[in-house]
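Please examine the sequence and the model shown below before reading on.

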Amino acid sequence: MDSNLQLSRARQIWPYLTDAAIKKEKITYKDLGQIVNVHPRALRFALLIIKDKCSELSLPPITSLVINSQTRMPGQGNQIPEELLSQTLELIYAFDWRKVNNPFAQTETDNTNTWWLNDPNERYWMESTDRKDLGKNLIAPISQHAGQK
């Protein structure tokens, strides 16, 4: 498992989870996988990193919002007994996620603004230029099918 890849995925997944929590919604592995362009089974590695970070920061286990589309239950990695799931979801929904910055943001090493990291609607890039050949050779992030640069 490539830890840099999983941290990158955790950074990408975080705003979608906090958005779901704010809206008091759950999200399926399939839907989350489609949003972040990762196979649903591979999400477990990044979700484990997020779960551990929530524990480290004493945050509610937000990864419990990711559910199996057939069973409507979180995956086994959540380790929350079924009888405590409703109570856990109440904690997640009651928490003010707007006050928590993305803990996977690399503000020290990234040479970009980060105001958009917690907003899942901000995922598009635009190039601003004063070139005379506007529209030619547009430079934009390139990603492979798995969402890797």
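## Two loop residues with positive phi

Lys24 is placed in the loop between α1 and β1, the latter being residues 27-28. The model is a predicted one, and in it the phi angle of Lys24 is near 60°, a positive value in a residue other than glycine. Lys24 counts as exposed, because its relative accessibility is 52% and the exposed class begins over 50%.

Arg72 also has a phi near 60°, again a positive value in a residue other than glycine. Arg72 belongs to the loop between β2, residues 66-67, and α4. With a relative accessibility of 45%, Arg72 counts as partly exposed.

## The chain as a whole

Four helices and two strands make up the secondary structure elements of the chain. Their order along the sequence is α-β-α-α-β-α.

The chain has 149 residues, of which 32% count as buried. Among the contacts in the chain with a separation of 6 or more, 68% are accounted for by residues 24 or more positions apart.

## Helix α1 against helix α2

Two packed helices are described by the angle between their axes and the distance between the axes. Helix α1 comprises residues 3-22 and helix α2 residues 29-36; the two pack at an angle of about 130°, and their axes are 10 Å apart. The helices α1 and α2 are therefore oblique to each other, since an angle of 65 to 115 degrees would count as roughly perpendicular and one over 145 as roughly antiparallel. The crossing of α1 and α2 is right-handed.

Which residues of α1 and α2 meet? From α1 come Gln12, Ile13, Tyr16 and Leu17, and from α2 come Leu32, Ile35 and Val36. By class, the residues of this contact of α1 with α2 are six nonpolar, one polar and no charged.

## Helix α1 against helix α3

Helix α3, residues 43-56, also packs with α1, at an angle of about 70° and with the axes 9 Å apart. This angle makes α1 roughly perpendicular to α3, because the perpendicular class covers 65 to 115 degrees. In the contact of α1 with α3 there are twelve nonpolar residues, one polar and one charged.

On the α1 side, the residues are Gln6, Leu7, Arg9, Ala10, Ile13, Trp14 and Leu17. They meet Leu43, Phe45, Ala46, Leu47, Ile49, Ile50 and Cys54 on the α3 side. Ile13 and Leu17 are also listed among the α1 residues that meet α2.

Ala10 is part of helix α1. Is Ala10 buried or exposed? Ala10 is buried, because its relative accessible area is 0%, and buried means under 20%. Leaving aside residues up to four places away in sequence, Ala10 touches Ala46, Ile49, Ile50 and Phe104. Ala10 and Ile49 are 39 residues apart along the chain, and their C-alpha atoms are separated by 6.9 Å.

Leu5 is likewise found in helix α1. Its relative accessible area is 19%, so Leu5 is buried. Between the C-alpha atoms of Leu5 and Phe45 the separation is 9.7 Å, and these residues are 40 residues apart along the chain.

Leu48 lies in helix α3. Leu48 is partly exposed, with a relative accessible area of 42%.

Thr88 is in helix α4, which comprises residues 85-94. The relative accessible area of Thr88 is 10%, and Thr88 is therefore buried. Which residues does Thr88 touch, not counting residues up to four places away in sequence? These are Pro61, Ser64 and Ile80.

How values were computed:
Residues numbered from 1 in each chain as written. Predicted model: local features only at pLDDT ≥ 70, side-chain atom pairs only at ≥ 80, totals over all residues. Heavy atoms only, no water. Axes fitted to C-alpha atoms, helices over the stretch in contact; angles between N-to-C directions. Parallel < 35°, antiparallel > 145°, perpendicular 65-115°, else oblique. Left-handed = near helix turned anticlockwise from the far one by under 90°. Contact = heavy atoms within 4.5 Å. Nonpolar A, V, L, I, M, F, W, Y, C, P; charged D, E, K, R; others polar. Buried < 20%, exposed > 50% of the residue type's maximum accessible area, 1.4 Å probe, protein only.
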